[in-house]
There are 4 protein chains.
Amino acid sequence: MGFEPSEEIRGTLKRIRQFVDEELIPLEPTLLQEGFLATLPALEEKRAKVKELGLWAPFLPQEHGGMGMSLMDFAYVSEVLGRSPIGHYAFHCQAPDVGNMELLLHAGTDAQKARYLDPLVRGETRSCFAMTEPMHAGSNPVWMSTTAVKDGDDYVINGRKWFTTAADGAAFTIVMAVTDPDASTHARASQILVPLDTPGYTNVRNISVMGHAGGGWASHSEVTFEDVRVPQTNRLGPEGAGFLLAQARLGPGRIHHCMRWMGICERAFELMCARAAQREIAPEKPLGTRQIVQAWIAESRAEIDAARLMVLQAAERMDAGGAGAAKTEISLIKFFGAGVLQRVLDRALQVHGALGMTDDTPLALWYREERAARLYDGPDEVHKISVAKRILRSYEGRQ
Amino acid sequence: MGFEPSEEIRGTLKRIRQFVDEELIPLEPTLLQEGFLATLPALEEKRAKVKELGLWAPFLPQEHGGMGMSLMDFAYVSEVLGRSPIGHYAFHCQAPDVGNMELLLHAGTDAQKARYLDPLVRGETRSCFAMTEPMHAGSNPVWMSTTAVKDGDDYVINGRKWFTTAADGAAFTIVMAVTDPDASTHARASQILVPLDTPGYTNVRNISVMGHAGGGWASHSEVTFEDVRVPQTNRLGPEGAGFLLAQARLGPGRIHHCMRWMGICERAFELMCARAAQREIAPEKPLGTRQIVQAWIAESRAEIDAARLMVLQAAERMDAGGAGAAKTEISLIKFFGAGVLQRVLDRALQVHGALGMTDDTPLALWYREERAARLYDGPDEVHKISVAKRILRSYEGRQ
Amino acid sequence: MGFEPSEEIRGTLKRIRQFVDEELIPLEPTLLQEGFLATLPALEEKRAKVKELGLWAPFLPQEHGGMGMSLMDFAYVSEVLGRSPIGHYAFHCQAPDVGNMELLLHAGTDAQKARYLDPLVRGETRSCFAMTEPMHAGSNPVWMSTTAVKDGDDYVINGRKWFTTAADGAAFTIVMAVTDPDASTHARASQILVPLDTPGYTNVRNISVMGHAGGGWASHSEVTFEDVRVPQTNRLGPEGAGFLLAQARLGPGRIHHCMRWMGICERAFELMCARAAQREIAPEKPLGTRQIVQAWIAESRAEIDAARLMVLQAAERMDAGGAGAAKTEISLIKFFGAGVLQRVLDRALQVHGALGMTDDTPLALWYREERAARLYDGPDEVHKISVAKRILRSYEGRQ
Amino acid sequence: MGFEPSEEIRGTLKRIRQFVDEELIPLEPTLLQEGFLATLPALEEKRAKVKELGLWAPFLPQEHGGMGMSLMDFAYVSEVLGRSPIGHYAFHCQAPDVGNMELLLHAGTDAQKARYLDPLVRGETRSCFAMTEPMHAGSNPVWMSTTAVKDGDDYVINGRKWFTTAADGAAFTIVMAVTDPDASTHARASQILVPLDTPGYTNVRNISVMGHAGGGWASHSEVTFEDVRVPQTNRLGPEGAGFLLAQARLGPGRIHHCMRWMGICERAFELMCARAAQREIAPEKPLGTRQIVQAWIAESRAEIDAARLMVLQAAERMDAGGAGAAKTEISLIKFFGAGVLQRVLDRALQVHGALGMTDDTPLALWYREERAARLYDGPDEVHKISVAKRILRSYEGRQ
């Protein structure tokens, strides 16, 4: 009973935890003070080591070089990796590549897999996913202006996207584009593979986000497609399936994210407790003797435990019945987990005082960057409303 | 995996749920408009029916006339019973009798069991537990003024207690009294059985709580002991064990309470959703079309699910390792669950508008009476601080 | 500058404060333990004394036997009176009579004033206001089913109202009824004076609210009008002006309410601080040495000060420009003030522990009854939305 | 009555507001995308223009080249300047220079004024204030390790400070150092002027704060003093007066900060409303039609108004009775205002969706940098506790 990892996975988790603590956390000062690109050379060495240890891409089937984990088992892994901002990257299960690999695995043709998936799986290339548009609210994913018009055997793509994470340096993108403007709302768009050296594609800018334009994987771009021409064989799945594929991609992705958040929460909690236990506010009087700090610790512990159990329950339901069966659960953890994440980080930062504002701990990075948790993959409010509508339907007509 | 009830218990839960919905909820208008005593005759008939159905006192061993449930299974039952304010009473597992029965079972002598436990188990008597004193903070349970002094073979008890729930009409009380003022803090007090017809005992008043002095089981008394004399054989367990026994009594009791709260939450949630789906704020515009109400529904669903999982996890740990192993979990659910309860009731009341203030639904009763959830069995703040101290101990000395 | 009362009014406030503390607060134990009706005889004596002291009905013009105060000055008075649940009644400025007196003063004919206002002003009769209907959401005040149909020189009224405060024992009601169903939304209803001994009027029940049906002034009734016939000269103001008059009645009424809440907050704050300073949680360790309690005290002080300044600013704007000029301010204080009230009462109750649940202090009464503050005169949510819409209008079209 | 600016100051406020909107806000894209140093050349031109317009250093006496404003009038100015992150700098009233100028004005000798104040007033130099130490909690300002030992006519200073804002490029610092370790707690330290080209002084690093080490005025340094020798005539005020002077410096400074926050809040509120009015979430459906967004707008309006009134009241009391008379008010606005600031920024960011995370608006800058508002000049918790203790003192001994 309960949601404890099996004996078998527990050993793997321990090995991963040790790697994160001993190999990745020591790279954090460079990351925090000098940025992702400065950290990359050392990080690539760690990635090689992860591969050697047989811990590469845990969510991928073994025949593709991964560990073949269930969603539930990968949830535990994602939590452990979340302890460091570079955990997922080191183990090659970082967004957006992880979602793209899953997409290609499930919807790609053999030719697409050979050309796009295989080098991506090996970590030789990176990829991105071009969906959100600056002129349309991300909360309404079926409303977009980018089009892909058939011309002979090709698609000709035009449009502007932004928040295309990791476009900088990526080999290809999967782009959402309207292929049939006259179809019903959810059947208008398709997903199309576009190599980024295709003429007409431009990375306009790495958007400055919370003070940094970033670079490489750690960036979010505004990109344009001007008469970008690719063969129709680059389409993923059937025409008009873009929205469905995007939903399928997001379901497990939200579980991954939420468990990553739990890892962040656990690390922040540890930092908060260590600081409270050791920082003296007067001789021999550590901060942790103060009731207000004690209350924050207890409240954080309760909220983290609560959110974690909910994520694991959602993972279990998704493993058992698919993303469709766990729609409500996924929406619940999306906003509940993001709220817990923000509050725990806020308290941990406050306990650190001025130090919490500095980049001497990862708290400030998470505080500013993970503010996005309440926005990406659907803002909190969209999830709340969709949950409520689903629930209320069952009360209509009753007396 | 997860925390779903076993196939076996699921049948029982269904029967109990049906009884609550069909037999008890129809008694609520009387309870809400006329009070507990007016409801009692009908309620006693229901209790007889419960006995006939073999659903009596589910937490008691079968040899004592119960269903022999584990803490975990009883947690599910407590949730279902919590749906109505009279659920636990109808199934004879109401506080404080349930705790007293457990105490007598585990610490009572055969003679004590014959005299006090057996009629209580059968529902022929009621009992109470006299612990809190008006002059001492309930948050510091080892600080009390009531004394029991040995005199020959007897104890002579003097003191004043209050919030002695259900003293009105009870056959006996278990009183906490200092038997050795010179012992270490946690070994000063003992628990002593006192028949309430013993000379020197007075029920000073049924305290008016949230507007009502109440009566019978549904009351909280201020009582005095003036030279109350009982034989020393009335002591429960060893001398000085009062605090330990109280703790042991409270552990599972807190799980019961928390699952009862979850039952209240579920009922309040249903009432809120039904109201939102059906109440029109303009022709053809039900209240549930409003985003603010939708947000409350989603937030309530998330919080109830979260709290429920935490309570079940605590129950599982207590079943596996005893109350000691689940100390932190129990404190966490105590304040987290009480907070969820208050917020869910508050939202449900607000969605009902003026109707929520009336006694036409049970919401107003719960809103005012369950405010005590954040106080009894240790106020939220005491639990938060004790959790934090326990956690912080493991961080001391680390660097 | 600032919002301090003038030198002149300060003397009056001091006298009123003294009366509340010395004459009214000593009546509270009876009120809290035995109810309003049991308190009434002593309270009537106090009312006579108030009249003698020249402090009667401070908001009324002097020619009508009042003190002729501005809204601003009466705001300060309302705060002081709010310190006790019977303060406003003792000084004859209790809802709903205060609003009815204002209505009659401003919209009544001489004949209406002579018959209805004069005895009411002298405190010889009581009145009520029948607006809310059980079948229609109070948040949509223009939606009602009660009708008044002209028949000869009369109106014949049919309908059902509830939450008609103080109907029990009142001499007359002002009823809102649709007089022209075909008029535009805000011009459908009129206000009509109905003596409560008119045939066809029935007080169906004193609604049980938060556990009590109450009685006399302290009650809320469900009432029906079945072919109730009154002369058309009983209409207040022009036909179709019902909604406008109701709005005019509510504007200052909300200021009164909000300042009454501030008085409750101040009293609760004092009780909380006194308890924190004096209640020991261990020998020589008062509760107020604990940081969590300290934080509540500071947060409450800040919130009360903030809400109070906002109410005074709204009163100033209304005195200067009428209710229309202060629409936004009034909506802001309505929900902001009600939120502060609820939080301050909640903290004060928690600091009192079990005592806070009892009727030994007025906290439990306020905790349960003033929950309605977030509902009456428009629920929080209605005020929030109307404020936002008004603000957003000025942003439309801008770039 | 109320807290409206006088007719006279209103004209000045209008001119300043216009300057901020027309001259400074257009510089923000450079600031947000390229940083402070890249903005500096253009900003210096604006500063020259401010001087020409006679709006320079509004808080300074006219004989020192300022506008001679009262604290109250400057509060209104600070609010208007707060609308842009570079407002205060442009008008030469930026922290920490503003506090240092006030210190030198009130406690400096003529020689100190000539050497340090005059060029600072003219904007030819910059300064910093070295108080917080990395090894001691900033919340306990009397606990420090930096010492200044007399040696002949000099002080020899040793110690380490951090969060010395704007040290990078400053001409001098005022350093807090223990001059008499045996004195009573509050009389141990003195304030000493140290030119930053004095041997032994080192700027160890511009601390990376929320992702940026910054530069020039927009930086926070860690600095060390190793046998730094300055004449004793560099001491500000009497020996042992360091703490008192620091308190005197902080009082008005907190008002400045709080009104600056109000300016930020107003700008964020405008951005939020404009976004809500114009961003469509579906064709013809602006975001502002959604109730959840409407609730945020109303709640923000209420909270900003409330905080603003409290700050103005504190300013009024400080103008009337000095910082000592307004201690409680200042602590209240410190934590209440910082809380409002954080919530308003959080809501404004959320309404902007992904755009809110970018540096295309100033929201992301404020969201991350103004997180410090809850920490600097005393963390929220320190202010809450000191308010509560002051209040509780008056309840001790009462019954």
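Trainee: In which helix does A277(D) lie?
Mentor: This is a predicted model, in which local features need pLDDT of at least 70 and side-chain atom pairs count only at pLDDT 80 or more, while totals for chains, interfaces and linings use all residues. Residues are numbered from 1 along each chain as its sequence is written, and chains are lettered from A and ligands numbered from 1 in the order in which they are written. Helices (H or I, at least four residues) and strands (E, at least two) are DSSP runs, numbered from the N terminus. A277(D) falls within residues 242-278 of chain D, which form helix α8.

Trainee: What does A277(D) count as: buried, partly exposed or exposed?
Mentor: A residue is buried if 20 or more other C-beta atoms, placed from the backbone, lie within 10 Å of its own, exposed if 12 or fewer, and partly exposed in between. Because A277(D) has 19 C-beta neighbours inside 10 Å, it counts as partly exposed.

Trainee: Leaving aside neighbours within four places in sequence, which residues are in contact with A277(D)?
Mentor: Contact requires that two C-beta atoms, placed from the backbone, lie within 7 Å. From its own chain, A277(D) meets P286(D) and G288(D). From chain C, the partners are L392(C), Y395(C) and E396(C).

Trainee: How many Å lie between the axes of α10(C) and α13(C)?
Mentor: Axes are lines fitted to C-alpha atoms, for helices over the stretch in contact, and angles run from 0 to 180 degrees between N-to-C directions. On this basis helix α10 (residues 327-352) and helix α13 (residues 380-393) of chain C pack at an angle of about 145 degrees. T328(C), L332(C) and F335(C) are among the α10(C) residues in this contact, and H383(C), V387(C) and R390(C) are among those of α13(C). The separation of the two axes is 9 Å.

Trainee: Is the crossing of α10(C) and α13(C) left-handed or right-handed?
Mentor: A crossing is left-handed if the near helix is turned anticlockwise from the far one by less than a right angle, and right-handed if clockwise. The passage of α10(C) across α13(C) is left-handed.

Trainee: How far apart are the end C-alpha atoms of α1(B)?
Mentor: The expected span of a helix is 1.5 Å times one less than its number of residues. Helix α1 (residues 7-24) of chain B has 18 residues and should therefore span 26 Å, and the model agrees with a distance of 25 Å.

Trainee: Against which elements do the buried residues of α1(B) pack?
Mentor: The buried residues of α1(B) are T12(B), I16(B), F19(B), V20(B) and L24(B). They cover an arc (of the directions from the helix axis to the C-beta atoms) of only 100 degrees, which puts them on the same side of α1(B). On the other side, exposed residues include E7(B), K14(B) and E22(B). The buried residues pack against three elements of chain B: α3 (36-52), α4 (71-81) and α5 (87-90).

Trainee: Which element gives the most to the side of chain B that touches chain A?
Mentor: The contact takes 35 residues from chain B and 35 residues from chain A. Elements giving two or more residues to the chain B side are α8 (242-278), α9 (291-325), α10 (327-352) and α13 (380-393). With 15 residues, the element that gives the most is α9(B).

Trainee: How many charged residues does the side of chain D that touches chain A have?
Mentor: In this contact, 36 residues of chain D meet 36 residues of chain A, and α12(D) gives the most to the chain D side, with 4 residues. Ala, Val, Leu, Ile, Met, Phe, Trp, Tyr, Cys and Pro count as nonpolar, Asp, Glu, Lys and Arg as charged, and the others, Gly among them, as polar. The chain D side has 19 nonpolar and 11 polar residues, and its charged residues number 6.

Trainee: Near what value is omega of the peptide bond from A95(B) to P96(B)?
Mentor: Most peptide bonds are trans. The bond from A95(A) to P96(A) is cis, with omega near 0 degrees. P96(B) is found in the loop between α5 and α6 (97-107) of chain B. The bond from A95(B) to P96(B) is cis, with omega near -5 degrees.

Trainee: Near what value is phi of A166(D)?
Mentor: Most residues other than glycine have a negative phi. A166(D) lies in the loop between β3 (154-165) and β4 (172-178) of chain D, and it counts as buried because it has 24 C-beta neighbours inside 10 Å. Its phi is positive, near 70 degrees.
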